[in-house]
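This report concerns a pocket and the packing of helices in one protein model. Please consult the sequence and structure shown here while reading.

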Amino acid sequence: MKHFLTLLDYTGEEILELLNLADQLKYELKHGIPHPHLQGKTLGMIFQKSSTRTRVSFETGMVQLGGYPLVLNANELQMGRGEPIQDTARVLSRYIDGIMIRTYAQKDVEDLAKYGSIPIINGLTDFAHPCQILADLMTIREYKGDLDGLKMCYIGDGNNMANSLIVGGLKTGMQVSIATPDDYRPDPKVLEFAAGYGDKFTLTNDIFAAAADADVVITDVWASMGQEGEAEKRKVAFKGYQINAELMQKAKGDAMVLHCLPAHREEEITAEVFEAHANEIFDEAENRLHAQKAILVKLLK
């Protein structure tokens, strides 16, 4: 395992191995068992998008593993003034042991991996959010015991979350159902991948059909970072694509609800449903820490 760029690069078995390691690291933290696997290692963290959970979880996780997190604001780097990303990759490879980057273009992450000689972790791009999905899968296992055979339903924009949920869910044996407006479907590359799973994957614009008998229902904001100028347009497009009490009646009685946060209550999810499932949602947020520590150990140890 050289990089962590997208879940498309990994088998279902490799994803489950990461989840098992995340479980172990979480257990050790909760029981005060030291695990300084990355003593003496330095992780550079490049942020071109603002962050709460990604920054705090990676920074804290690196410290808990005995390493050193180095925050690199893109505006303060020479790449913010036009230095080619391939030069940044080659320079940083001489100084540090790994890079986590949270940015817009997937190509930037791929170029760092191509031109650098150290592990690269995708903290988020417009195409994929693999760290978040690893935490989601970890949380679902904690509540449901196993992933194989469960039905995951996603309601909303066919964005990076949808892309990565489709891949992660299908590769770990889940049935995946996506409900999104026709103009906001997931990436064609991901849909081509999903087509290979036959009736285990469905794509529809009917939210009630998507949620029928679901074990877990997931959503995300209607306007992601960089799309704020489209907020009003998106509110019109996604009207009706909301997780609410009526929708949850279609899912199983013990269905979970997850949201990667931040949540805009009364838009993609009602306050009532959010608060009813707050424990699951904030366990999901916490599990970013443990899942990402597993990635760090696998790549940097």
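## Basis of the report

The model is predicted; local features need pLDDT of at least 70, side-chain atom pairs count only at pLDDT 80 or more, and totals for chains, interfaces and linings use all residues. Residues are numbered from 1 along each chain as its sequence is written, and side-chain values use heavy atoms, with hydrogens and water left out.

Helices are DSSP runs of H or I with at least four residues, numbered from the N terminus. Axes are lines fitted to C-alpha atoms over the stretch in contact, and angles run from 0 to 180 degrees between N-to-C directions.

Helix H3 (residues 85-92) and helix H4 (residues 106-115) have axes that come within 8 Å and cross at roughly 50 degrees. The two helices are therefore oblique to each other; angles under 35 degrees count as roughly parallel, over 145 as roughly antiparallel, 65 to 115 as roughly perpendicular and the rest as oblique. Contact means heavy atoms within 4.5 Å. Ile 85, Gln 86, Ala 89 and Arg 90 of H3 meet Asp 108, Asp 111, Leu 112 and Tyr 115 of H4. These contact residues comprise four nonpolar, one polar and three charged. Ala, Val, Leu, Ile, Met, Phe, Trp, Tyr, Cys and Pro count as nonpolar, Asp, Glu, Lys and Arg as charged, and the others, Gly among them, as polar.

## Helix H6 and its partners

Helix H5 (residues 130-144) packs with helix H6 (residues 160-171) at an angle of about 50 degrees, their axes 9 Å apart. That makes H5 oblique to H6. On the H5 side, Pro 130, Gln 132, Ile 133, Asp 136 and Leu 137 meet Met 161, Ser 164, Leu 165 and Gly 168 of H6. Five nonpolar, three polar and one charged residue make up this contact.

The axes of H6 and helix H7 (residues 188-195) come within 9 Å and cross at roughly 20 degrees, which makes H6 roughly parallel to H7. Asn 163, Ile 166, Val 167, Leu 170 and Lys 171 of H6 form the contact with Val 190, Phe 193 and Ala 194 of H7. Here the division is six nonpolar, one polar and one charged.

## The second largest pocket

The second largest pocket has a volume of about 200 Å³. Of its 14 lining residues, Asp 126, Asp 157, Asn 159, Gln 227 and Arg 234 are the closest to its centre. The lining has three nonpolar, six polar and five charged residues.

A pocket is an open set of points on a 1 Å grid over the protein atoms alone, where a 1.4 Å probe fits, with protein on both sides within 12 Å along at least five of seven lines; lining residues have an atom within 4 Å of a point. The volume is the space filled by probe spheres set on the points.
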